[in-house]
Amino acid sequence: MKKLFLLLLLPCYLNAATYYVATTGSDNNPGTILQPFKTWDKLSAVMVAGDVAYIRGGIYYSTKGASACRHINWENMIGQPNNYITIQNYPGESPIFDCSNIGIPTCGYPWIMYMTNCPYVKVKGLHVRNLDQIRGDNGFSRGWLTDSSPGVILEQIEVDHIGGAGFILQGS
């Protein structure tokens, strides 16, 4: 019976991919350790159940500017209860996503991390920081949203120097 069980699960893991992201990469790369992706956003376009992504250490600055409402956008990464998508820091390294380069946000309600419809995704060892507060009464800045993502696991996630809320969980 154990052999049959393993054979039934094997197809789920045979096609699993491992991706890498590094500050020196390019989103035109295949996401391998020697040719990593550049942005955290790219993972949303490629990851499926069972896949693993390692984000290498270093500081990743927003490339989207002050008008962006979502500096990292992860949508529709669909894992399974027994076959999670895993995104984590490369062992021993500290990846940081930093918005200090954009100045004062002009979007009414900006996010650093906007993670929606990502069930059964495990995220570990990431750090997002430095999203200034909007001036006046035009909204507020937020760090990490997890929305409509049941079964999501967030471990060792740091959010700091945000003008508003650090974490918001909705339907997750």
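Start with the whole chain: of its contacts (heavy atoms within 4.5 Å) with a separation of 6 or more, 73% join residues 24 or more positions apart. This is a predicted model, where local features need pLDDT of at least 70 and side-chain atom pairs pLDDT 80 or more, while totals for chains, interfaces and linings use all residues. Numbering runs from 1 along each chain as its sequence is written, and side-chain values use heavy atoms, without hydrogens and water.

Switch to cartoon. The protein chain shows two helices and 13 strands; these are DSSP runs numbered from the N terminus, helices being H or I of at least four residues and strands E of at least two. The C-alpha trace spans about 65 × 35 × 25 Å along its principal axes.

Next, colour by burial. Buried residues are 41% of the 172; buried means under 20% relative accessible area with a 1.4 Å probe, counting protein chains only.

Now select Trp 40, Leu 43, Trp 74 and Ile 87. Within the largest nonpolar core, which has 32 residues, these four touch the most other members. Such a core is a set of buried Ala, Val, Leu, Ile, Met, Phe, Trp, Tyr and Cys residues joined through side-chain atoms within 4.5 Å. Several strands supply at least two residues each, including β1 (18–21), β4 (70–75) and β5 (85–89). Highlight β7: its three residues are the largest share of this core.

Zoom in on Leu 43. Leaving out residues up to four places away in sequence, Leu 43 touches Tyr 19, Val 21, Phe 37, Ala 53, Ile 55, Trp 74, Met 77 and Ile 87.

Conventions:
Buried means under 20% relative accessible area, exposed over 50%, partly exposed in between (1.4 Å probe, protein chains only).
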